[in-house]
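Work through the exercises below with the sequence and the structure at hand. Try each task before reading its solution.

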Amino acid sequence: MSELHKFIFDGKPVRGMLVRLTDAWQDILARRAANRDTGAYPQAVSELLGEMAAAGVLMQGNIKFNGALVLQIFGDGPVKVAVAEVQPDFALRVTATLTSAVDENAGLPDMVNPGGQGRCAITLDPKDRLPGQQPYQGVVSLVDEQGQSLNQLNEVLEQYMRQSEQLDTVLVLAADDKVAAGLLIQRLPVEGEGNLAGTAQPSAQAQDIEQAFEHIAILSRSLKREELLELDPMTILHRLFWEEPVRLLESFKDDTAPRFACSCSRERVSRMIQSLGQDEAQSILDEQGKIDVGCDFCGAHYVFDAVDVAQTFNPAATSGDSSASLH
Ligand SMILES: [Zn+2]
């Protein structure tokens with residue numbers, strides 16, 4: 001079962017989260033493998049998406065945002081787009097669009113940034129968005145401050161967190177074909193004495209706090225990929241932080257565990273067909289006899305024949321509902 005755990009370090013301004021996606025992740029991969037339009041993800045893409053899924057859950061858990069958190073990479077290589085979307089209840093879905101074959105050993109730059117134009121976007125889309133209200137979006141490039149391509153997703157997201165939230169963050173991510181997992185450690189903002197910002201001469205207390213975070217960060221970075229993938233979360237926390245005052249705050253498992261869920265629906269596809277306009281919809285019908293829309297996230301197919309399309313554009317006429325009125 002998938003699980004997410006939140007914890008703090010008692011007396012230290014550091015918090016953390018650990019996520020382990022198992023059934024949710026396997027569900028996502030199985031659906032993609034069964035999708036006849038796309039086939040299974042190449043291994044390198046699958047690992048990137050797994051890391052994005054784990055990171056998306058950690059970031060959603062970190063901000064408690066009432067709406068979807070969407071992590072997207074827009075690449076200029078064989079992976080055109082990679083998406084992980086996580087709802088406030090940790091329902092999640094991912095997908096990727098490939099324009100050409102991806103080498104088995106391809107790294108992040110090979111997949112999404114060979115030309116240096118790749119971007120990573122983090123979008124927060126409020127659940128009850130007002131008309132005209134834009135979702136919040138932050139965008140970062142896939143290079144470091146010296147312009148060098150970043151080799152790992154965690155480096156991209158750590159840079160984003162530093163720039164957007166001004167919070168030092170350590171992310172360790174890993175994924176294979178069974179598990180997608182991640183550890184997030186973040187320094188909490190400290191008021192007054194302990195706050196280093198703007199202090200010419202940091203107090204002893206501030207230095208202690210600085211060292212406390214640095215020490216926990218070093219321990220976190222020592223976590224190996226295999227450990228993150230193979231060990232259960234409590235074992236990881238005990239092994240990494242056995243000398244630290246870790247206190248578990250909240251766990252999401254069983255009923256509240258992160259899980260795969262897709263928000264696609266026939267109604268949404270119907271609205272999409274409406275937005276094409278009647279002429280365009282008709283020309284697809286003339287050409288193909290039906291409009292067949294597949295969902296990239298879950299593999300579902302929505303098929304609209306001529307009658308369905310007519311109903312989409314004129315629901316009252318074909319349903320015989322005389323109570324519906326046009327305005
Ligand atoms: Zn779907």
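**Exercise 1.** Are Phe9 and Phe241 buried or exposed?

Solution. The model is predicted, so local features need pLDDT of at least 70, side-chain atom pairs count only at pLDDT 80 or more, and totals for chains, interfaces and linings use all residues. Residues are numbered from 1 along each chain as its sequence is written, and side-chain values use heavy atoms, with hydrogens and water left out. Buried means under 20% relative accessible area, exposed over 50%, partly exposed in between (1.4 Å probe, protein chains only). Phe9 and Phe241 are both buried.

**Exercise 2.** Describe how the rings of Phe9 and Phe241 are arranged.

Solution. Step one: rings of Phe, Tyr and Trp (its six-membered ring) pair if their centres lie within 6.5 Å; planes under 30 degrees apart count as stacked, over 60 as edge-to-face and the rest as tilted. Step two: the centres of Phe9 and Phe241 are 5.1 Å apart and the planes make 85°, an edge-to-face pair.

**Exercise 3.** Which ring does the charged end of Arg93 sit over?

Solution. A charge sits over a ring if NZ of Lys or CZ of Arg is within 6 Å of the ring centre and within 35 degrees of the ring normal. For Arg93 the ring is that of Phe297, with the charged end 3.7 Å from its centre. Arg266 lies over the face of Phe304, 4.0 Å from the ring centre.

**Exercise 4.** Which residues does Leu49 touch, leaving aside neighbours within four places in sequence?

Solution. Contact means heavy atoms within 4.5 Å. Leu49 is in contact with Trp25, Tyr41, Ala82, Val83, Val94, Thr95 and Ala96, those neighbours left aside.
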